[in-house]
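Here is a brief report on one protein model. It covers confidence, salt bridges and a surface patch.

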Amino acid sequence: MSWISADQALSLLGTKPQTLYANVSRGRIAARPDPDDPRRSLYRQDDVERLAARQKGRRPATTVAAESIAWGEPVLETAISTVANGHFYIRGKDVAALAKSATLEDMAALLWNTSGPIDFAAITSSGSSAGLIAVYRQIAELAATQMPPIGRARSVLIKDATLVVSLVASAITGARSGPVHERLAMQWQRPDAANSLRCALVLLAEHELNASTFAARVTASTGAPLAAAVLSGLAALSGPLHGTASLSMGALVRDAKRHGVEATISSLLRQGRPLPCFGHRLYPDHDIRAPALMATFEVPKLFAELAKVGEAMSGEKPNIDFALSALVAVYDLPEDAPLQIFALARSVGWLAHALEQIETGALIRPRARYAGVPIPPPNLPL
């Protein structure tokens, strides 16, 4: 991610400073303080270049659509959540503030826009195994039998959604009662981690239109059962650029232990490789979820040094994947704990988007821009 000065931004845009500041306030251009001079600001180069290209003339609809898919313009309207001014809001509430005391059950009520409390009751597993394999199996089985949502009342769909998350929670935590974060701490035999796990579940329950959420909405738009939407989200979450991103911290930590923090980070940057688990394109300064989670435990010395040196050398701060990796190190959790936490938490957000998509009654069906072998002119023999 590259940042440029105000002079460079104005040169690309060809506008007055007031116009630049207006675009920042409207969320079109991300800005952050200059580490070398806090009185000045830096501006995200990608945002400036995109806006400059737009101002040169009206772009074809195909170009606009193509750019929208990859960190571009919004492609769907939602009343659920947004990242704005360096903060993340769910239905108007600051998530960092919610994470101080809310539970995943509270987040479900907020995300699903229900007045009554949500209880993810423990469900006896059909098998003896626990973890992600059990999650995939049980949600797939439910998706094959659950009724489609079309023509069914919202109150009934909320019960369907509750059943889906209850299955996910039971498959990961075992068939126990009580708040999900306490059940998770019991499953991993780390009762002292309960509060940190609660915070992590709240922070990860939703994050706007990310890849797995978009996959869940597309599935929901076809009229498929809610369990099928969650199954789509789980599939997308498994990728190394999404739900398993925190695993990339493993090599960084090992090399830092072996060669030292500064030498390890310097080597990565000299090779033109970005630091894993640093920075987030939606946040101009830093991923606010990371400090919110790390405030719930004492950050290990090595991770604290990685964060300090990494920021000094790259200009980027740790993101939520860094914080999850630190959480695993502090409490000696299973290696795939971040993905399990992610899957359990985000299933609530996927269902919120699925419910919202169902209410629109619209099928998400974009067109492809063909770039293959030239098509024969019309009325000519094949």
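Which residue forms a salt bridge with Arg44, and how far apart are the closest N and O atoms? The partner is Asp47, with the closest N and O atoms 3.5 Å apart.

**Confidence.** This is a predicted model. The mean pLDDT of the protein is 88. Of its residues, 91% reach 70 or more. Among the elements, helix H10 (residues 194-204) has the highest mean pLDDT, 98. Helix H4 (residues 61-69) has the lowest, 52.

**Salt bridges.** A search of the whole structure finds 12 salt bridges. Among them are these:

| Salt bridge | Closest N to O |
|---|---|
| Arg44 with Asp47 | 3.5 Å |
| Arg50 with Asp47 | 3.3 Å |

Take the Asp287 and Arg289 pair. Asp287 counts as buried because its relative accessibility is 1%, under the 20% cut-off. Arg289 has 2% relative accessibility, so Arg289 is buried too.

Salt bridges that share partners also join Arg44, Asp47 and Arg50 into one network. Arg44 and Asp47 are both buried. Arg50 is buried as well. Arg50 and Asp47 lie three residues apart in helix H3 (residues 45-55), so about one helical turn separates them.

**Surface patch.** Tyr370, Val373 and Ile375 make a nonpolar surface patch of about 380 Å². Val373 is found in the segment after helix H18 (337-360). Is Val373 buried or exposed? Val373 counts as exposed because its relative accessibility is 63%, and the cut-off for exposed is over 50%.

Conventions. Residues are numbered from 1 along each chain as its sequence is written. This is a predicted model: local features need pLDDT of at least 70, side-chain atom pairs count only at pLDDT 80 or more; totals for chains, interfaces and linings use all residues. Side-chain values use heavy atoms; hydrogens and water are left out. Patches are made of residues with over 30% relative accessible area and no salt bridge: like charges are joined within 9 Å, nonpolar side chains (Val, Leu, Ile, Met, Phe, Trp, Tyr) within 5 Å. Accessible areas come from the Shrake-Rupley method with a 1.4 Å probe; for residues, only the protein chains shown count as cover. A salt bridge is a side-chain nitrogen of Lys or Arg within 4 Å of a carboxyl oxygen of Asp or Glu. Helices (H or I, at least four residues) and strands (E, at least two) are DSSP runs, numbered from the N terminus. Buried means under 20% relative accessible area, exposed over 50%, partly exposed in between (1.4 Å probe, protein chains only). pLDDT is the predictor's confidence in each residue, from 0 to 100.
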